[in-house]
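Open the model in your viewer and keep the selection panel at hand. The stops below go from a whole chain down to one residue.

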There are 2 protein chains.
Amino acid sequence: MKPYAEMSVEELQEELAQAKALYRKYQDMDLHLDMRRGVPCTEQLDLSMGMMDALDSNQDLRCDDGTDCRTYGVLGGIHEAKELIGDMMENNPDNILIFGNSSLNVMYDTVARAMTHGIMGNTPWCKLDSVKFLCPSPGYDRHFAITEYFGIEMITVPMTPTGPDMDIVEKLVAEDEAIKGIWCVPKYSNPQGISYSDETVRRFARLKPAAPDFRIFWDNAYGVHHLYDTNQDYLIEILAECKRAGNPDLVYKFASTSKITFPGSGIASMATSLNNLEDIRRQMRIQTIGHDKVNQLRHVRFFNDIYGLTEHMRKHADILRPKFEMVESILEENLGGLGIGTWTCPRGGYFISFDAMPGCAKKIVARAQKAGVKMTPAGATFPYGKDPSDSNIRIAPTYPPLEDLKTATKLFTVCVRICALQKLLEENGAA
Amino acid sequence: MKPYAEMSVEELQEELAQAKALYRKYQDMDLHLDMRRGVPCTEQLDLSMGMMDALDSNQDLRCDDGTDCRTYGVLGGIHEAKELIGDMMENNPDNILIFGNSSLNVMYDTVARAMTHGIMGNTPWCKLDSVKFLCPSPGYDRHFAITEYFGIEMITVPMTPTGPDMDIVEKLVAEDEAIKGIWCVPKYSNPQGISYSDETVRRFARLKPAAPDFRIFWDNAYGVHHLYDTNQDYLIEILAECKRAGNPDLVYKFASTSKITFPGSGIASMATSLNNLEDIRRQMRIQTIGHDKVNQLRHVRFFNDIYGLTEHMRKHADILRPKFEMVESILEENLGGLGIGTWTCPRGGYFISFDAMPGCAKKIVARAQKAGVKMTPAGATFPYGKDPSDSNIRIAPTYPPLEDLKTATKLFTVCVRICALQKLLEENGAA
């Protein structure tokens with residue numbers, strides 16, 4: 001098929017008629033498909049059912065050090081869990097705090113704490129006239145929701161194939177003391193599936209922020225979420241790199257087992273410097289007596305160690321790989337060479353990012369919805385829900401069964417074609 | 001034994017010599033006993049081991065309404081859990097939010113939210129020059145720690161046998177718009193084991209606070225924690241009473257299963273008006289995708305219903321009752337009639353409150369500690385850790401085994417006697 005840009009008005013009209021006919025066929029199918037969120041599918045959840053047997057009434061619910069997990073205490077998490085999560089995060093257990101069921105909640109609390117009490121003795125952000133965050137975009141909508149909720153001004157930074165545009169990041173943080181943080185999903189990013197290059201990570205570790213309380217919010221949500229066994233992205237470990245660069249306190253690193261075991265019933269964690277940990281513990285001990293140690297122990301007994309967890313992630317990959325590959329091949333088959341969209345082919349994570357022709361994203365998503373396929377709202381991947389070029393769409397291929405996903409993706413390509421054709425015809429004055 | 005106040009100096013000296021000899025005997029026993037915190041004992045924890053079998057890999061982890069508990073979603077808790085906790089809290093499930101593992105965390109978050117975002121459209125507390133809380137005392141040290149952490153000024157309100165002194169409460173909240181809240185443990189209070197009288201609850205529901213964002217923080221931590229099967233305290237349900245009084249939004253009510261199943265691995269909840277719930281949900285949906293539904297389901301399957309939970313609490317009572325009764329009888333036997341201390345005999349909860357002669361509490365606790373018995377620090381039951389009369393001591397009889405508790409309590413009475421005798425001798429110029 002030749003690129004749409006090279007087609008005559010008659011060819012475009014003919015193509016549109018065909019696409020619309022196809023669209024009506026999908027409408028007749030009465031679809032009810034959901035590709036909105038990056039959630040594991042039922043088969044993936046089934047992988048962790050064994051965790052329900054990891055603890056039973058015949059077991060000793062004590063840790064190796066004798067701690068009874070059934071009662072109060074142990075603010076920062078049991079040692080076994082720190083060790084397991086430390087291996088997962090590539091950090092020393094001493095640098096790790098284990099929290100409750102949600103790393104999003106940990107990030108929220110981290111911002112909230114900075115608002116009311118400040119970071120390491122600095123002025124609480126709520127006492128400042130202006131607080132800003134850098135938001136590499138497209139990015140994760142729930143990150144942006146937190147900063148928006150606290151009235152923090154969000155500054156969009158463009159993503160490149162190697163991570164955020166570091167020239168811009170370096171310049172802004174050095175110039176403006178009101179910039180207190182940056183949201184990062186450094187590996188298999190949401191939504192593009194990009195992993196930050198070595199150079200990007202090194203430049204992050206060497207930032208010279210004007211604000212002493214600037215922190216990198218390093219949400220390594222997909223650190224072990226590979227799609228392939230050997231063809232994997234590698235990310236330089238940021239805490240170690242910051243330490244080497246003489247910036248040990250620069251980063252808060254987050255992770256959880258939400259997409260490893262059960263979302264909502266996993267364990268969340270933060271890795272950071274001992275100085276930052278001490279700062280955080282001062283607040284944590286007012287907020288709670290401790291998090292759910294039984295669930296921590298349950299995770300440890302289920303996985304045993306990092307090898308167990310790695311093998312478990314291979315099973316996730318076996319379920320997800322065909323879904324990603326199928327979406328990519330349908331996109332290629334139906335849109336390849338047309339010049340009306342580009343997309344990513346990540347080697348891990350939960351999303352494929354699609355960029356339509358400028359001004360088309362909202363229309364594509366609306367059109368898909370009208371045929372029964374729900375997608376992440378266009379714009380959601382940008383601060384304030386506003387994609388300046390209205391082109392980015394997040395595709396979440398993990399949840400629907402393979403057959404549904406095939407149908408939904410095919411319909412999606414039809415919607416992309418219709419919207420592109422309409423735009424081109426309008427531009428030709430022939431709409 | 002005649003009251004110490006009626007003894008001659010010689011008698012006091014003789015008595016002191018005997019008490020000191022007794023004290024040395026305890027010192028020689030090399031005791032290591034801990035009565036600091038209100039934590040369940042191992043036997044109590046064993047009661048809930050069956051909960052570890054309530055879910056296994058052969059079970060369907062779906063709710064009655066089809067919700068898969070293994071994945072994201074359901075911000076406010078699964079319906080089954082709201083029903084069970086609703087029955088426990090005597091509230092409509094619609095008025096209930098289920099949270100994570102700690103009601104303390106829920107209270108902290110509630111104050112934090114008011115600080116940064118205000119309550120129902122009112123000015124965020126962090127923007128105000130002065131924010132104050134009323135603190136009925138003696139009370140719960142972790143409550144006071146939260147308000148202190150946020151720089152909220154704490155005003156001590158005396159406790160009476162029927163609850164906080166309501167004349168003072170009514171006057172202060174009506175006069176001062178800076179007063180935004182009051183901490184209450186309305187049933188089997190911490191540390192006195194007092195349950196608020198009907199009149200007290202009714203007066204609470206009818207408060208006319210100057211501040212529209214004044215809220216009662218009603219921590220009903222011991223709502224079902226009776227020691228006796230029929231000889232139980234009854235508390236008027238505050239939400240219903242507030243509604244009847246035309247003050248539906250006046251109260252946040254908290255509870256948890258921490259001292260029902262496993263502390264740290266239970267479920268926490270709040271009951272409040274629909275207006276308050278809506279206000280809270282606006283923040284919660286930024287903070288988290290949802291709490292641990294698997295653990296909610298685990299609790300529901302373990303208890304089945306409120307009858308199951310009630311029967312379970314009888315087993316707790318069977319373990320705790322002898323401990324409370326033993327402590328009370330040792331206090332009576334060794335201190336009764338001496339006029340040097342008073343104590344409460346609660347019908348539920350986790351504490352006995354002891355009032356020594358003014359100026360003696362710190363010395364008694366220090367002396368007990370020197371003989372190997374750790375008690376809650378004197379003063380902890382008052383704001384800023386400062387008991388103006390230095391007389392209140394919280395006794396936590398639940399954790400130690402019966403024999404240890406007997407020894408510790410006997411030693412405690414010896415310490416009380418020594419400190420009282422020294423004080424009286426000092427007053428007589430004979431120290």
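What follows is a list of selections, each with a note on what is there.

This is a predicted model, in which local features need pLDDT of at least 70 and side-chain atom pairs count only at pLDDT 80 or more, while totals for chains, interfaces and linings use all residues. Residues are numbered from 1 along each chain as its sequence is written, and chains are lettered from A and ligands numbered from 1 in the order in which they are written.

**Chain A**

Select chain A and colour by secondary structure: there are 13 helices and 13 strands (DSSP runs numbered from the N terminus, helices being H or I with at least four residues and strands E with at least two). The C-alpha trace of chain A spans about 75 × 55 × 35 Å along its principal axes. Of the 431 residues in chain A, 54% are buried, meaning that 20 or more other C-beta atoms, placed from the backbone, lie within 10 Å of the residue's own.

**The two domains**

Next, colour 4–45 + 310–427 of chain A as domain 1 and 63–303 as domain 2; such bounds come from an automatic or database domain assignment. Their centres, taken over C-alpha atoms, are 31 Å apart. Domain 1 of chain A puts 27 residues into the contact and domain 2 of chain A puts in 30, where contact means C-beta atoms, placed from the backbone, within 7 Å. Which element gives the most to the domain 1 side? Select helix H11 (306–335) of chain A: H11(A) gives seven residues, the most on that side. Strand E11 (352–356) and strand E13 (392–395) of chain A each give two or more residues there as well.

**Chain B against chain A**

Now show both chains. Chain B superposes on chain A by a rotation of 180° with 0.0 Å of shift along its axis, at RMSD 0.0 Å (least squares on the C-alpha atoms of residues with pLDDT of at least 70 in both). The two copies are thus related as by a two-fold rotation axis. The same surface serves both, since 100% of the contact residues of chain B recur in chain A.

In this interface, 41 residues of chain B are in contact with 41 residues of chain A. On chain B, select helices H4 (103–117), H5 (141–149), H9 (274–287) and H10 (293–303), which each give two or more residues to the side touching chain A. H4(B) gives the most, with six residues.

**A residue in the core**

Finally, select A:Ile364. In the largest nonpolar core, of 253 residues, A:Ile364 and B:Ile364 touch the most other members; a nonpolar core is a set of buried Ala, Val, Leu, Ile, Met, Phe, Trp, Tyr and Cys residues joined through C-beta atoms within 7 Å. Leaving out residues up to four places away in sequence, A:Ile364 touches A:Ala356, A:Ile393, A:Cys415, A:Val416 and A:Cys419.

Key: A residue is buried if 20 or more other C-beta atoms lie within 10 Å of its own, exposed if 12 or fewer, and partly exposed in between; C-beta atoms are placed from the backbone. Two residues are in contact if their C-beta atoms, placed from the backbone, lie within 7 Å.
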